[in-house]
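My notes follow in the order I took them.

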Amino acid sequence: MTTNNGSSDATQRPTTEVELTVNGEERTDVIEPRLKLSDYLRTKCDLNGIRVGCEHGVCGACTVLVDGEPVKSCLRYGVQADGAEIETVEGLADEEDGSLHPIQQAFHDEHALQCGFCTSGFVMSTKALLDENPDPNDEEIETQLAGNLCRCTGYEPIYDAVHPASELIDGD
């Protein structure tokens with residue numbers, strides 16, 4: 001639904017109402033059609049785990065799950081997520097006791113982060129992989145995570161965290 005903000009002022013930008021679910025919470029917001037999904041999540045939903053690095057879909061720091069699929073949120077508009085279920089890194093930890101999700105715990109245990117800028121994108125890409133394939137081999141892990149860049153760790157600790165994450169999830 002496109003609205004004109006109830007104004008005849010030609011300088012007013014058009015807006016669109018979107019309905020979506022973010023980390024299990026149903027939301028209805030009015031946004032500009034040009035608002036990127038990453039900016040929507042950061043500004044309207046106050047979810048700052050989404051990092052915007054390159055704004056060209058290259059670094060993967062802005063990766064979120066949209067209907068279970070990893071999506072680089074800097075390449076998608078918020079209106080394109082209308083009706084979708086979105087999961088971000090903030091939605092993984094247990095709200096009640098604050099315990100980390102098994103993937104987050106494995107990344108911590110395996111020292112799979114340094115500066116942390118890229119971590120949420122890697123975590124969400126790992127979640128998409130393990131949701132689809134609970135016991136991936138090394139090649140499948142590298143292929144899945146190839147869309148995420150890290151300038152600090154050299155990738156090995158990140159790749160090494162996936163197997164323990166799988167085991168922690170399997171143990172739940």
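**Salt bridges**

I began with lysine 127, which is buried, at a relative accessible area of 10%. The model is a predicted one, and I read every value with that in mind. What does the side chain of lysine 127 meet in a salt bridge? I found aspartate 131, at 2.8 Å from N to O. I then looked up where the two residues sit. Both lysine 127 and aspartate 131 are in helix α3, which covers residues 119–132. They are four residues apart, about one turn of the helix.

How many salt bridges does the structure hold? I count five.

Next I took arginine 27. Its side chain forms a salt bridge with aspartate 29, 3.0 Å from N to O. Are arginine 27 and aspartate 29 buried or exposed? Both are buried.

Arginine 34 is exposed, at 52% relative accessible area. Glutamate 32 is partly exposed, at 25%.

**Negative patch**

I turned to the surface and looked for gathered charge. I found a patch of negative charge there, with Asp109, Glu110, Asp135 and Glu156 among its residues. Asp160, Glu167 and Asp170 are also included. Which elements give two or more residues to the negative patch? They are α4 (138–145) and α5 (156–171).

I picked out glutamate 140, one of the residues of the patch. Glutamate 140 is placed in helix α4. Its relative accessibility is 35%, so I list it as partly exposed.

**Cysteines**

How many disulfides does a search of the whole structure find? I got zero. Cysteine 54 is in no disulfide, and its nearest cysteine sulfur belongs to cysteine 59, 3.8 Å away. Cysteine 54 is partly exposed, at 23% relative accessibility.

Cysteine 115 is in no disulfide either. The nearest cysteine sulfur is that of cysteine 152, at 3.8 Å. Is cysteine 115 buried or exposed? I have it as exposed, with a relative accessible area of 57%.

Definitions and conventions:
Residues numbered from 1 in each chain as written. Predicted model: local features only at pLDDT ≥ 70, side-chain atom pairs only at ≥ 80, totals over all residues. Heavy atoms only, no water. Disulfide = S-S within 2.5 Å. Buried < 20%, exposed > 50% of the residue type's maximum accessible area, 1.4 Å probe, protein only. Patch = residues over 30% accessible without salt bridge, like charges linked within 9 Å, V, L, I, M, F, W, Y side chains within 5 Å. Areas by Shrake-Rupley, 256 points an atom, 1.4 Å probe, with all protein chains shown as cover. Salt bridge = Lys/Arg side-chain N within 4 Å of Asp/Glu carboxyl O. Lys, Arg positive; Asp, Glu negative; His and termini not counted. Charge placed at Lys NZ, Arg CZ, Asp CG, Glu CD.
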